[in-house]
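Please have a look at it first, and then we will go through it place by place.

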Amino acid sequence: MALTPIAPTRPLTDGYGRRISYLRISVTDRCDLRCRYCMAEKMQFLPRKDILSFEEIDMIASAFVARGVRKIRLSGGEPLVRKGVVDLVRRLGRHLDSGALDELTMTSNATRLARHADALVDAGIRRVNVSLDTRDPDTFRYITRWGELDKTLDGIAAAKAAGLQVKINMVALKGLNDDQIIPMMRWCADEGHDLTLIETMPLGQIDDDRHDRYLPLDGVQGDLQEQFQLVPLAERTGGPARYWKVEELGLKLGLITPLTNNFCDGCNRVRITVSGKIYMCLGHDDHLDLKTALREGGSEALDRVLDQAMILKPERHDFEISAGQNDPTVARHMSVTGG
Ligand code: SAM
Ligand code: SF4
């Protein structure tokens, strides 16, 4: 079913006056790793019949672009485990060529990046975010349950060689990788990568106790400031990250602090799942069904759901991690909405 073009005269704006210009798409809920803070070891993934085809993802993404979305990030699960995903990147890349989109990016665990880096560049991707919580092989295997550090490092090296700008995402985990934050900063600075530290968020049931591993980044920031000069950068991406330049290392350091520091006021994003649901906030369960709208009503019905979503986007998230509270604030895993 072909979409009728939608004039970009009705930019998406939510009930709090925030312009929605950033779309994150989870292209699969599956993954080849099982990071302990993200997934349980035994996960139930969506049956293939329930997931959007690339054509449908393209139609939905294009409807967002027509309503003023300027940046799309493909995530998952692990986006590169979905067969043919580079074809989807190529399709979406046409919006870069037309100037409708400023940026198309991907978040990946890099296990398959060595194979795909050149094709991703060819399809229009210029930057990737890669999860790397440690550079110690044993800790890496423990955190990811069965990951091989070398594969991920090879993927990162291939991305760099292909000309992709790499940002490393490191989830800060008390007692697991807190002693590796400074070595990771030095390595990223040497390699020319940016680094973002992330607070673990209470999303989805996992096997471990999140509270045990939760490391508030306000404390980490204080410790770093005793050793380094952190110069705040004005840059904001409309997400929960704040950025610093670490003067001594020449490193751009981001801190994602949804728990210790709530930055929802400037939120510019929504997320869609591979089953075609739109989530207006990472920290809430409210969602609407784009897949049914698209399949049953085409572009006009889809557009109406986008309007509804703008009305329903909440002002802020309600994440909380506390001792003895094992139920996550939000039942779905991060991999459902792609971070
Ligand atoms: N598989 C890809 C990867 O790991 O980069 C993309 C999907 S992953 C869900 C996206 C990001 O979310 C990763 O940087 C990961 O570390 C982070 N993440 C996953 N679960 C999280 C949680 N509960 N709290 C904070 N960050 C989480
Ligand atoms: Fe997979 Fe990424 Fe989740 Fe790790 S963080 S289990 S790599 S989706």
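Let me begin with Ser108, which counts as buried because its relative accessibility is 3%, and the cut-off for buried is under 20%. Please keep in mind throughout that what you see is a predicted model. Ser108 belongs to strand E3, which covers residues 103-108, and its side chain makes a polar contact with the side chain of Glu78, at 2.8 Å. If we set aside residues up to four places away in sequence, Ser108 touches Glu78, Leu80, Asn129, Val130 and Ser131.

From there we can move on to the loop between E3 and helix H3, the helix of residues 113-123, where Ala110 has its place. Ala110 is not a glycine, and yet it has a positive phi of about 75°. With a relative accessibility of 0%, Ala110 counts as buried.

Ala110 also turns up among the contacts of Thr152, which, leaving aside neighbours within four places in sequence, is in contact with Asn109, Ala110, Thr111, Ser131, Leu132 and Phe140. Thr152 sits in helix H5, residues 149-161, and it counts as buried, since its relative accessibility is 0%. To give you a sense of distance, Thr152 and Pro240 are 88 residues apart in sequence, and their C-alpha atoms are 26 Å apart in space.

In the loop between helix H4, residues 137-144, and H5 we find Arg145, another residue that is not a glycine but has a positive phi of about 75°. Arg145, at 13% relative accessibility, counts as buried.

Now to the ligands. Which residues come nearest to ligand 1? Of the 18 residues around it, these are Tyr37, Gly77, Thr107, Ser131 and Met201. A polar backbone atom of Gly77 lies 3.1 Å from a nitrogen atom of the ligand, and an N or O atom in the side chain of Asn169 is 3.3 Å from an oxygen atom of ligand 1.

How many cavities of 30 Å³ or more does a search of the whole structure find? The search finds one, and the volume of the largest cavity is about 90 Å³. Its lining is made up of Arg36, Tyr37, Ile143, Leu173, Leu176, Thr200, Ile206, Asp208, Asp209, Arg210 and Arg213, which divide into five nonpolar, one polar and five charged residues.

The second largest pocket holds about 260 Å³ of space. It is lined by 13 residues, of which Asp29, Gln44, Leu46, Arg332 and Val336 are the closest to its centre. Strand E11, residues 277-279, and helix H10, residues 334-337, are the elements that give two or more residues to this lining. By class, the lining of the second largest pocket has five nonpolar, five polar and three charged residues.

Technical notes. Residues are numbered from 1 along each chain as its sequence is written. Chains are lettered from A and ligands numbered from 1 in the order in which they are written. This is a predicted model: local features need pLDDT of at least 70, side-chain atom pairs count only at pLDDT 80 or more; totals for chains, interfaces and linings use all residues. Side-chain values use heavy atoms; hydrogens and water are left out. Helices (H or I, at least four residues) and strands (E, at least two) are DSSP runs, numbered from the N terminus. Buried means under 20% relative accessible area, exposed over 50%, partly exposed in between (1.4 Å probe, protein chains only). A polar contact is a pair of N or O atoms within 3.5 Å; within protein, one must be able to donate a hydrogen and the other to accept it, and residues adjacent in sequence count only if both atoms are side-chain atoms. Contact means heavy atoms within 4.5 Å. On a 1 Å grid over the protein atoms alone, a cavity is a set of points where a 1.4 Å probe fits but cannot get out, and a pocket is an open set with protein on both sides within 12 Å along at least five of seven lines; lining residues have an atom within 4 Å of a point. Grid points are joined across faces, edges and corners, and a volume is the space filled by probe spheres set on the points. Ala, Val, Leu, Ile, Met, Phe, Trp, Tyr, Cys and Pro count as nonpolar, Asp, Glu, Lys and Arg as charged, and the others, Gly among them, as polar. A residue is near a molecule or strand if one of its heavy atoms lies within 4 Å of it.
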